[in-house]
Amino acid sequence: MASSSAVGKLSREEFRRQKDLDAARKAGTAPAALDEEGRPINPHIPQYISQAPWYLDTGAPSLSHQRRPFDDRSADKLDNWYDRGAKAGPAAKKYRKGACENCGAMTHKKQDCLERPRKKGAKFTNKNIQADEIIHDVATGFDAKRDRWNGYDPAEHKKIYEEYEAVEAARQKLREEEIDNQTTTDLAAVRKVAKAGKKEGKEADPDFGSSDEEDADDDKYADAADAVGQKLDTKTRITVRNLRIREDTAKYLMNLDPESAYYDPKTRSMRDAPMKNVPAEDAKFAGDNFFRFSGEAPEVQELQLFAWQAAARGNDVHLNANPTQGQLLHHEFKEKKEMMKDVNKVSILAKYGGEEYLEHVPRELINGQTEDYVEYSRTGQIIKGKERAKVRSKYPEDVYVNNHTDVWGSWYDLSSSTWGYACCHSTIHISYCAGEVGKEAAQASTAQALLASSNAQSEPSSQNNEARARIEQNYSKKRVGEGDVSLDKDRLAEAINEEKKRKARGDKDDDRSSKKMKGLQSSSHDVTEEELEAYRMTRRNAEDPMANYVDSEDVYT
């Protein structure tokens, strides 16, 4: 059967003999046909399998067209590729004809040179001639030519793994520091950790919820913390959520501001607090992250942090594989830590001392209730009751220097707008105290005192001037009529009458002059202008030729 394809059209006799031979081979009476390699061919194989196609027919019975051909394709293997950057021996000393004009290598031309273009090539300088590259003759087949990864070094892909591992290690370290620093009562740190995923989500895409990477991180570092109304299985990553109570207000209705916390309708979660201005303790709903990082969740995170640190130091601790062991080891670690802290404290105090500075008043006494009644105002000031203690400054107080009894700044001089000492009114810092004498000197040196003293000196001088003016007026030539004198008519008439009465009593001029001198000396009576004018008018002048003249007309009249 296998050989029938090699022959053209068989005659009737040849076809009959071929049929008989095939029947004998099937019956086992005739030997089986052999292929090119001498292996027998099973006569029961159908003709459409044993007969070779025309483009593989060799003219002899064979089943080689059904077998996988043996082909050494070592030339098409991926590890058989160009050795990039390989150089052929040491570089030449001089430029060679036909070499690259830029670098001096013989394996390429100037147009194909990959070196930096030089200002003067190696052809003209004969310096820094590069070695020849090794040109590989890689025989690639049909598949190798079209393989996009042919010649790729798998070691390059390790860099990507190392980069992602470094990023993951840095992220885990940051989480460990945040968990280590936060406490159960530190709400500010709780909010900071809760908002970490929210801030990263805003940078990625504000229209959708947090990314898968953030969800994976949150689940990784807080696997045991279940949100309200859900049960999370971290192994199968299946979340079974319960329906909220119908009487409760939906999360997305607590704050209708579109710029408030994002609500993910797919997971029914709102990570951030919807009301920013309401404290988390008083809010009706403070966000899923608040519940996630409150209660026993921080303790679980501390336990997970301990497991990570213990595993990094070579200890076989895994929180999920053996949580009981992790809990016991963590408890033992905390006890040893407290004990070591006490031992270090005792050793330091024994070496350096200072135990008296560590003794504090119990907090129960500091913040405790007392029987003292204190009434405060709205601004916090004490209206009635115990006075608030004064806050002491860091500077030394009540230190008196240079014989002072008051501190610097206890007195303020309004005239010069400077501070000074209240004991001596001195405005010079660190001056010697003069006591009351210094106060008098300071008061005398003020501008008001100087002005007052000048006024006091001007008033006596004005009084002396008035006295001198009276004396000059009494003894000046104006008294005898050489100047303009203003006289009061009433006082002048009265003075004339008094002068006439005096002359009628017979007083002599000497007596009058002696009285006048006594009066001037005693200053008990000052002679006025009117009295002098009356004396002048009534005095009889013997040298006057008209003294005894009598007008006849006046007599007759």
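Which residues is phenylalanine 285 in contact with, leaving aside its neighbours within four places in sequence?

**Figure 1. The whole chain, before we zoom in.** This is a predicted model, where local features need pLDDT of at least 70, side-chain atom pairs count only at pLDDT 80 or more, and totals for chains, interfaces and linings use all residues. Residues are numbered from 1 along each chain as its sequence is written, and side-chain values use heavy atoms, with hydrogens and water left out. The chain has 18 helices and 8 strands; these are DSSP runs numbered from the N terminus, with helices (H or I) of at least four residues and strands (E) of at least two. Of the 557 residues, 20% are buried. Here, buried means under 20% relative accessible area, exposed means over 50%, and partly exposed is in between (1.4 Å probe, protein chains only). Take the contacts between residues at least 6 apart in sequence: 43% of them join residues at least 24 apart. A contact, by the way, means heavy atoms within 4.5 Å.

**Figure 2. Phenylalanine 285 and the residues it touches.** Here's the answer to the opening question: leaving aside neighbours within four places in sequence, phenylalanine 285 is in contact with Lys251, Met254, Met270, Pro274 and Phe291. You'll find phenylalanine 285 in the loop between strand S4 (238–241) and H9. Its relative accessible area is 11%, so phenylalanine 285 is buried. Look for methionine 275 as well: phenylalanine 285 and methionine 275 are 10 residues apart in sequence and 8.4 Å apart in space, C-alpha to C-alpha.

**Figure 3. Aspartate 288, in helix H9.** Aspartate 288 is found in helix H9, which covers residues 288–292. Is aspartate 288 buried or exposed? With a relative accessible area of 11%, aspartate 288 is buried. Leaving aside neighbours within four places in sequence, aspartate 288 is in contact with Lys251, Ser269, Met270 and Arg271. Aspartate 272 is 16 residues away from aspartate 288 in sequence, and their C-alpha atoms are 6.8 Å apart in space.

**Figure 4. Two residues with a positive phi.** Arginine 268 isn't a glycine, yet arginine 268 has a positive phi of about 55°. Arginine 268 is found in the loop between S4 and H9, and is partly exposed at a relative accessible area of 42%. Serine 417 isn't a glycine either, and its phi is positive at about 55°. Serine 417 has its place in the loop between strand S7 (411–413) and strand S8 (418–420). Its relative accessibility is 48%, so serine 417 counts as partly exposed.

**Figure 5. Helices H15 and H17 packing together.** Two packed helices are described by the angle between their axes and the distance between the axes. Helix H15 (residues 489–504) and helix H17 (residues 529–538) pack at about 50°, with axes 8 Å apart. The axes are lines fitted to C-alpha atoms over the stretch in contact, and angles run from 0 to 180 degrees between N-to-C directions. H15 and H17 are therefore oblique to each other (under 35 degrees is roughly parallel, over 145 roughly antiparallel, 65 to 115 roughly perpendicular, and the rest oblique). On H15, the contact residues are Arg491, Leu492, Ala495, Ile496, Glu499, Arg502 and Lys503, while H17 brings Glu530, Glu531, Glu533, Ala534, Tyr535, Met537 and Thr538.

**Figure 6. Helices H5 and H10 crossing.** The axes of helix H5 (residues 157–181) and H10 come within 10 Å and cross at roughly 130°. That makes H5 oblique to H10. The contact is made by Gln172, Glu176, Ile179 and Asp180 of H5, together with Gln301, Glu302, Leu305 and Trp308 of H10.

**Figure 7. Aromatic rings in pairs.** A search of the whole structure finds 6 aromatic pairs. Rings of Phe, Tyr and Trp (its six-membered ring) pair if their centres lie within 6.5 Å; planes under 30 degrees apart count as stacked, over 60 as edge-to-face and the rest as tilted. Tryptophan 149 and tyrosine 152 have ring centres 5.3 Å apart and planes at 75°, so this pair is edge-to-face. Tyrosine 152 is partly exposed, with a relative accessible area of 38%. Phenylalanine 306 and phenylalanine 333 form a tilted pair, 5.3 Å centre to centre with 35° between the planes. This pair links distant parts of the chain: phenylalanine 306 in helix H10 (residues 297–312) and phenylalanine 333 in helix H11 (residues 323–352), 27 residues apart. Phenylalanine 306 counts as buried at 12% relative accessibility, whereas phenylalanine 333 is partly exposed at a relative accessible area of 40%.
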